[in-house]
Amino acid sequence: MEQALREKGIPVYLDWANHCPAHPQALCIHVAVRPQKGVSPEAFSIRKEENRICLEGRGAAGAMYGLFELAESIRYHGWDRIPEGSWSPFLEKRGVKFNLPFQTYADGEPFEKNKQTVLEFDFWRDYIDFLARNRYNCLSLWSENPFEMLLDLSKYPDASSLSAADRRERRELFTRILAHAKARGLETYIITWNLRISSGIAKGLGLPEELGEWGWDQRSIGLRQYVPILKDYFCEAVKTLIYTFPDLTGLGTSNREEMVGDAAEREQWVVDTYLEALKEIHYPIPFIHRTNMSNGPIAQEMFLSQCKGADTYISWKYSNAHMYSHPHPQFETLFHAWDGQDLSDIQVIYTVRNDDFHNLRGCDPDFLSEYIRGMKRPWVKGFYWGADCYIWAGEFQHAPGSHLQWEHAYQKHWMQFAMLGRLSYDPDLPETVWTDAFIRRYGRESGLPIYEGLCAGMRMLCGVNRLFWINYDFEWHPESLLACKGFKTVLDFMEGVPMPGVGVVGMKDYVSAKLSGKTLEGETPEEILALMEKQVETLNRSIQAVEADPEAHAGELECILFDLIAWRALARYYLCKFRAAIQLLFYRQTVQEDYRQEAIRLLKEGLAHWKELAEIGARHYLPYGMPRVRQTFGWSLYTGEAERDIRLAEELPAPER
């Protein structure tokens, strides 16, 4: 706030209100914290009284958010246009999912290259401040087993792969992280996968080291679940974690990955370890229970009987791994998430996953506003968002050079972070909040075109996901066209299915309907491709405007220009590939060679767009090994695959009639 006023040439004097000299000509901002029963402590109000602005926060967080609001208004519009009104959070919990690069669920360079970054308090201080400015109030930290890197267990002193000195150093760091988060109004949760252990833990417990190996023989992996000393180890670890970090808000785990038995048996393990520990120390800490691929009613039944006096939450993957798709995903209905559940008894936190794009900048406030409004149900408390195969921490992917004018990846992707945080507090924010921010950041010539172009890129990718849907991150990463089985070919697209439950007509059904003269209801491939074409037109205008800006040929502006060109090339490639797949589907049903020849032409055109994408990406981004997908990201590495699509079309056998 001080900084915003000084930027406008307004001298600032700070003091307690009862110390300030009364002066009728002085501009005055009066800030007070006044709790109000039944009103969120994150709410605030602003009113004007001549030269006096009165800000009332219903709690410390509300006062902080109100000061952010005033500072932004003054910075963009000046003193005279400060808004009046009252604000309160739309969603109660607004969080991020941060995968710690230790004891990770999958190996890859985003984790390997961030191990040092996350051991630096300066990173966490700046990141937490950034989250607070963007109205987040929840930081969830994920690791398969965070206990061995943080704790000294008196009962099991050797159960760790780390030295006592390393554990002490990390314990001191996390004490500072949790305290700073609390001071900025962020709750903190440590969330585990469940009973994963390292070889070091197994050895320290006197067990075979193979018990700690990732991907160990699936026929025997359930042994962990029934080893008494492991149950006791987890119970001791949870108790010690609570004693060690008083500023930690809560815990979370799952009853699924690498566990055996039915839902009730898996749930019993959670009760016997995590919940038993909390019961023993009489500490009703908030608890998040992930129910991916599991049974929500059974989890809730256990909660109600075991977690009296504590907030308990069921976590559900709202859009599976692809949030950038449709604003109203239907997976709760499709997967019967709450069948048999008394919804008046549950509190849900959605897990929101962007495993769609990690490299290129982009976001869209219109999409996110609708997406967030769709979450608003009596039993839903909010969400945390992130990725399974990426963390926006240290910048490791950009090539060294003049473009690199940021230190951390979240700073590059500020647009996505800001929109998700701000809109989950207030989904009715006017678009000027974003256009003003872009103009201030990137200048009057380029700011608005950049904003429009980056929105267009993400809207295009939403269309891709709706037309070619695959549930999980290891199966499909649309920014790269990669999956654990390799590059997705035109034959894969031919067999693709649309996003379920949202009224999208798949390519196969579309072709069959066209040939039979039937009319199908829903969003057709034709309509999705038309929307994607529209985004290409927007990107064309944006690129032309930014290229005309003399400031846009160096530094971050040039980097963003390259991103816009990359989005356009990727969009054009997808358009060609989808259309080629449709032509080949027509060929499969009619055996008319013209369809195949048109597909080949489209794939050759698509290859030219892929080469442009590869060239522009190679100019400023480095390849990296992707977790989960287990491929190397880098468009230039897959030009041969784009060429192979042409051969696949040429060699596609005619169907037997």
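Phenylalanine 130 is buried in this predicted model, with a relative accessible area of 9%. Phenylalanine 417 is buried too, at 2% relative accessibility. The two residues form an edge-to-face aromatic pair. Elsewhere, eight strands close into a barrel, four strands make an open sheet, and 206 residues make up the largest nonpolar core.

**Aromatic pairs**

- The structure holds 56 aromatic pairs.
- In the pair of phenylalanine 130 and phenylalanine 417, the rings lie 5.7 Å apart, centre to centre, with 65° between the planes.
- This pair links distant parts of the chain, as its two members are 287 residues apart.
- Phenylalanine 130 belongs to helix α4 (residues 121-133), while phenylalanine 417 belongs to helix α14 (residues 414-425).
- Phenylalanine 130 counts as buried because its relative accessible area of 9% is under the 20% limit.
- Another aromatic pair, phenylalanine 367 with tyrosine 371, is stacked. Its ring centres are 5.6 Å apart, and the planes make an angle of 25°.
- Both of these residues sit in helix α12 (residues 365-373). They are four residues apart, about one turn of the helix.
- Phenylalanine 367 and tyrosine 371 are both buried.

**Charges over rings**

- Lysine 97 lies over the face of tryptophan 142, 4.4 Å from the ring centre.
- Lysine 376 lies over the face of phenylalanine 90, 4.7 Å from the ring centre.

**The barrel**

- The barrel order is β5-β6-β7-β8-β9-β10-β11-β12, and the pairing is parallel.
- From one strand to the next, the twist averages 25°.
- Strand β5 (residues 93-99) and strand β6 (residues 138-142) run parallel and are joined by five bridges.
- Opposite phenylalanine 98 stands leucine 141, in β6.

**The open sheet**

- The four strands follow the order β1-β3-β2-β4, with mixed pairing.
- β1 and β4 are the edge strands, each pairing on one side only.
- The twist in this sheet averages 15° from one strand to the next.
- Six bridges connect β1 and β3, which run parallel. Valine 33 stands opposite glycine 57 in β3.
- Strands β2 (residues 44-49) and β3 (residues 52-57) run antiparallel, and six bridges join them. Arginine 47 has cysteine 54 in β3 as its bridge partner.
- The hairpin of β2 and β3 has two residues between the strands. In this hairpin, glutamate 50 takes a positive phi near 55°.
- β2 also runs antiparallel to strand β4 (residues 85-87), with three bridges between them. Serine 45 is bridged to serine 86 in β4.

**Nonpolar cores**

- Phe98 and Tyr574 touch the most other members of the largest core, which counts 206 residues.
- Helix α19 (residues 555-590) supplies the largest share of this core, 23 residues.
- A second, separate core has ten residues, among them Cys138, Ile191, Tyr313 and Tyr384.
- Leaving aside residues up to four places away in sequence, tyrosine 574 touches Met460, Leu461, Val464, Trp476, Pro478, Leu481, Phe493 and Met532.

**Two loop residues**

- Valine 629 is in the loop between β15 (624-625) and β16 (632-633). At 0% relative accessibility, valine 629 is buried.
- Not counting residues up to four places away in sequence, valine 629 touches Asp473, Phe474, His477, Leu482, Ala483 and Cys484.
- Valine 629 and arginine 58 are 571 residues apart along the chain, and their C-alpha atoms are separated by 46 Å.
- Tryptophan 16 lies in the loop between α1 (2-7) and β1 (28-33).
- Tryptophan 16 counts as exposed because its relative accessibility of 65% is over the 50% limit.
- From C-alpha to C-alpha, tryptophan 16 and histidine 30 are 9.2 Å apart in space; in sequence they are 14 residues apart.

Conventions:
Residues are numbered from 1 along each chain as its sequence is written. This is a predicted model: local features need pLDDT of at least 70, side-chain atom pairs count only at pLDDT 80 or more; totals for chains, interfaces and linings use all residues. Side-chain values use heavy atoms; hydrogens and water are left out. A nonpolar core is a set of buried Ala, Val, Leu, Ile, Met, Phe, Trp, Tyr and Cys residues joined through side-chain atoms within 4.5 Å. Buried means under 20% relative accessible area, exposed over 50%, partly exposed in between (1.4 Å probe, protein chains only). Contact means heavy atoms within 4.5 Å. Two strands pair if DSSP finds at least two bridges between them. Axes are lines fitted to C-alpha atoms, for helices over the stretch in contact, and angles run from 0 to 180 degrees between N-to-C directions. Rings of Phe, Tyr and Trp (its six-membered ring) pair if their centres lie within 6.5 Å; planes under 30 degrees apart count as stacked, over 60 as edge-to-face and the rest as tilted. A charge sits over a ring if NZ of Lys or CZ of Arg is within 6 Å of the ring centre and within 35 degrees of the ring normal.
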